[in-house]
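Subject: Structure for you to look at

Hello,

Here is the structure I promised to pass on. Could you open it alongside these notes when you have a moment?

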Amino acid sequence: HAGRIVLVGEEPCSPYERPPLSKEVLRGLADPVEAAVLPPGCAVELRLGCRATAIDRAARRVMVGDGASLGYDTLVLATGVRPRRLPVDGADCAGVHVLHTAAEAHALRTALLAQQGALVIVGGGFIGLEVAASARMMGWQVTVVEAGSECLARVLPAVSARWLIGQHRERGVRFCCAATVEGIERGANRALAMRLSTGETLAADLVVTGIGSQPCDALARAAGLD
């Protein structure tokens with residue numbers, strides 16, 4: 001493309017690869033800047049730390065959070081997803097983390113380095129298991145709570161999933177399957193207490209939720225797109 005290319009991004013850093021966040025970045029072995037998508041000196045104009053707030057399709061303009069508007073000939077919406085939040089009381093307590101952005105990875109790493117104790121991970125998908133592996137390497141006791149009867153059942157063949165879960169168990173990860181979270185509250189001896197549908201209460205110093213994502217489609221919906 002020979003014309004101007006502008007990329008509007010809400011995060012303050014240049015676009016980066018997300019897979020390392022739950023592994024190398026969480027353990028301090030890499031930084032998202034090292035996994036930047038755009039090469040240095042590329043011709044893309046970056047508007048970082050800037051949220052697109054509305055689209056005027058008739059005028060072909062995008063309004064952004066700093067009060068400016070950008071004209072376009074072609075507009076690409078690549079707004080991605082946001083982590084799904086636990087729909088229970090206490091899900092917004094301090095010490096409950098999600099992991100989707102570089103800032104969230106650094107916040108979780110800081111919390112893991114500040115102490116060692118019990119970490120409860122809600123969601124036995126790839127994100128949850130990657131965080132579990134990283135946290136075990138950092139000395140934490142880890143319990144994974146999974147709503148399904150088995151972890152990874154939707155994404156891997158059963159034989160592969162069971163082998164992978166076996167690797168985690170050999171390294172000390174505990175699993176509570178066929179269990180959902182009914183609430184999170186402040187515990188007596190630890191920072192958090194998680195009530196499960198099985199009747200068990202798990203004590204936790206930190207909680208990480210990895211229960212899927214939702215599309216960031218508000219901008220498109222407001223613009224009247226299908």
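This is a predicted model: local features need pLDDT of at least 70, side-chain atom pairs count only at pLDDT 80 or more; totals for chains, interfaces and linings use all residues.

Residues are numbered from 1 along each chain as its sequence is written, and side-chain values use heavy atoms, with hydrogens and water left out.

The sheet is open and has five strands in the order β7-β14-β8-β9-β10, with parallel pairing. Helices (H or I, at least four residues) and strands (E, at least two) are DSSP runs numbered from the N terminus, and two strands pair if DSSP finds at least two bridges between them. At the edges sit β7 (96–97) and β10 (174–177), each pairing on one side only. β7 joins β14 (residues 206–209) through two parallel bridges, and Val-96 has Val-207 of β14 as its bridge partner.

Two helices go with this sheet. Helix α2 (residues 126–137) lies across β8 (118–122), β9 (141–146), β10 and β14, at about 170° to β9; axes are lines fitted to C-alpha atoms, for helices over the stretch in contact, and angles run from 0 to 180 degrees between N-to-C directions. Helix α1 (residues 102–114) buries Ala-102, Ala-105, Leu-108, Ala-111 and Leu-112, where buried means under 20% relative accessible area, exposed over 50% and partly exposed in between (1.4 Å probe, protein chains only). These buried residues pack against β7, β8, α2 and β14, with contact meaning heavy atoms within 4.5 Å.

Now the charged pairs. There are eight salt bridges, each a side-chain nitrogen of Lys or Arg within 4 Å of a carboxyl oxygen of Asp or Glu. One of them links Lys-23 and Glu-130, with the closest N and O atoms 3.4 Å apart. Lys-23 lies in the loop between β1 (6–9) and β2 (45–48) and Glu-130 in helix α2, so this pair ties together parts that are 107 residues apart in sequence. Lys-23 is partly exposed at 24%, and Glu-130 is partly exposed at 23%.

Another is Glu-150 with Arg-162, at 2.9 Å between the closest N and O atoms. Here the loop between β9 and α3 (158–170) is tied to helix α3, because Glu-150 lies in that loop and Arg-162 in the helix. Arg-162 is exposed at 52%, whereas Glu-150 is partly exposed at 29%.

Best wishes
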